[in-house]
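Morning, everyone. Please have a look at the structure on the screen. I'll take you through a few helices and one loop.

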Amino acid sequence: MKKVSFVHMADGTAEDYQLIAEAMESAHNPLADDLLELLQKNEGHDIGYQVSRLEHSLQSATHAFRDDQDEEMVVAALLHDIADTIAPYNHADVAAGILRPYVSDRTHWVVKYHGLFQTYYYAHHFGNDRNQRDKYQGHPHFQACVDFCEKYDQNAFDPAFDTMPLSAFEPMVRRILGRKPGFDMSSRDVAA
Ligand SMILES: [Fe+2]
Ligand SMILES: [Fe+2]
């Protein structure tokens, strides 16, 4: 395989970076494989809920699917807690960041703020304000996030629920994460 000429990025030429851009374009994107693997690892992570992290994610996606949400929202529900174990203090930010290039602003916003909006269900039990989400009242995606938490997240901890298997969602994950990202190589990043 052809390699770039530099060992320090500062010394790279336009030709070097074109080479990298083309290689990235044609390479198999392992993101869907990696996230599905991480999701399955979550089967073993039990922190006291009546269901595993994997089961919670599957239930969340099942609720979204049966509520006739579009495919990217079903995938967002499946992956909304994907960063629980790798970013325990900012899992919503990390999940939203992973999904950002492939989903709408609305879906990104819902995933990014679901962690804060979920505090509505428990913050008062710690003597904290459960209505912290209210500072986002008036935002165009406020109600979508309230609804996501109520209908697909806070209610997805039920061991008796008729949950769809991961295999049902896998093609959806591959379709959404297989989308052409909404940015190009020259930026390599997207604004929040
Ligand atoms: Fe979460
Ligand atoms: Fe969750």
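A term to begin with: a crossing is left-handed if the near helix is turned anticlockwise from the far one by less than a right angle, and right-handed if clockwise. Helices here are DSSP runs of H or I, at least four residues, and strands are runs of E, at least two, numbered from the N terminus.

Now the ground rules. This is a predicted model, where local features need pLDDT of at least 70, side-chain atom pairs count only at pLDDT 80 or more, and totals for chains, interfaces and linings use all residues. Residues are numbered from 1 along each chain as its sequence is written, while chains are lettered from A and ligands numbered from 1 in the order in which they are written.

Start with helix H3, residues 53–66. At 1.5 Å a residue, its 14 residues should span 20 Å, and its end C-alpha atoms are 20 Å apart, so the two agree. The expected span is 1.5 Å times one less than the number of residues. Is H3 covered or open? Mostly covered: 13 of its 14 residues are buried. Buried means 20 or more other C-beta atoms within 10 Å of a residue's own; exposed means 12 or fewer; partly exposed is in between, with C-beta atoms placed from the backbone. After H3 comes Asp 68, with a positive phi near 60 degrees.

H3 has a partner, helix H4, residues 71–79. Their axes lie 7 Å apart, at an angle of about 160 degrees. Axes are lines fitted to C-alpha atoms, for helices over the stretch in contact, and angles run from 0 to 180 degrees between N-to-C directions. H3 and H4 are therefore roughly antiparallel. The cut-offs: under 35 degrees is roughly parallel, over 145 roughly antiparallel, 65 to 115 roughly perpendicular, the rest oblique. Their crossing is right-handed.

Next pair: H6, residues 105–118, and H7, residues 142–153. Their axes come within 8 Å and cross at roughly 65 degrees. That is why they count as roughly perpendicular. This crossing is right-handed. Which residues of H6 meet H7? Among them are Trp 109, Tyr 113 and Phe 117. On the H7 side, the residues include Cys 145, Phe 148 and Cys 149.

Last stop: the loop between H6 and H7, where Gly 127 is found. Gly 127 counts as exposed, because it has 6 C-beta neighbours inside 10 Å. From Gly 127 to Met 172 is 45 residues in sequence and 40 Å in space, C-alpha to C-alpha.

Conventions:
Two residues are in contact if their C-beta atoms, placed from the backbone, lie within 7 Å.
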